[in-house]
Structures are given as C-alpha cells and as structure tokens.
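Hi,

Here is the structure I said I'd pass on. Have a look at it, and then read my notes below.

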Amino acid sequence: MIKTKNIKRIIRLLIYVLIGAIVGYLYYKFYGCTTNCAITSNPVKTMMYTSVMGVLLSIATEK
C-alpha cells in the first residue's frame, strides 16, 4: 500500500513535469528558432528539456 506522503510527492512531481512541459511548449511557440538550435528547434525536445527542469525544481524545493 502506498502511503499518502508518497502519493503527495508523486502528484507534486507530476504537476511540476506538466508545468515544465507547458512552459517548454510556450517557449518553443513564441521564442524557438527553426534552424540550427539544438533544443528549441523541435517542440518535443524543448518540452522534454523543460520537464526535466521541472523535476529538478520539484526535488530542489522539496521539504
């Protein structure tokens, strides 16, 4: 059985990942380049990168 503390951690992590993906897509949509940029030329790469940043932010701000 999963404890409620672990469920809250998982939900918090998923929220940060989702927010990171949304921010990544918005960054791609409004500021991304279309040619030689390694991360911002592809929306999937941008969303994955910012989702990882969301995970790191979630871990860093954990109590």
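How many residues does helix α1 have, and how far does α1 reach from its first C-alpha to its last? Helix α1 covers residues 4–31, which is 28 residues, and reaches 40 Å between those two C-alphas. That is close to the 40 Å expected at 1.5 Å a residue (the expected span being 1.5 Å times one less than the number of residues). Helices here are DSSP runs of H or I with at least four residues, numbered from the N terminus.

Some ground rules before the rest. This is a predicted model, so local features need pLDDT of at least 70 and side-chain atom pairs count only at pLDDT 80 or more, while totals for chains, interfaces and linings use all residues. Residues are numbered from 1 along each chain as its sequence is written, and side-chain values use heavy atoms, with hydrogens and water left out.

**Where the helices meet**

G20, A21 and G24 of α1 are buried (under 20% relative accessible area; exposed is over 50% and partly exposed is in between, with a 1.4 Å probe and protein chains only). The buried residues of α1 pack against α2, residues 43–60. On the α2 side, have a look at T50. T50 is buried too, at 17% relative accessible area, and touches G20, A21 and G24, leaving aside residues up to four places away in sequence (contact means heavy atoms within 4.5 Å).

The T50 side chain also reaches back to the backbone: the oxygen of T46 is at 3.0 Å and the oxygen of M47 at 3.3 Å. For the spacing, remember that an α-helix has 3.6 residues a turn, so residues three or four places apart point the same way.

**The salt bridge**

The count comes to 1 salt bridge (a side-chain nitrogen of Lys or Arg within 4 Å of a carboxyl oxygen of Asp or Glu). E62 pairs with R9, and their closest N and O atoms are 2.7 Å apart. The pair links distant parts of the chain, with E62 in the segment after α2 and R9 in helix α1, 53 residues apart. Both ends are partly exposed: E62 has a relative accessible area of 33% and R9 comes in at 47%.

**The disulfide**

Searching the whole structure turns up 1 disulfide (a pair of cysteine sulfur atoms within 2.5 Å). C33 is joined to C37, with an S to S distance of 1.7 Å. C37 counts as partly exposed, at 29% relative accessibility.

Cheers

Definitions and conventions:
Polar contact = N/O pair within 3.5 Å; in protein donor to acceptor, adjacent residues only side chain to side chain.
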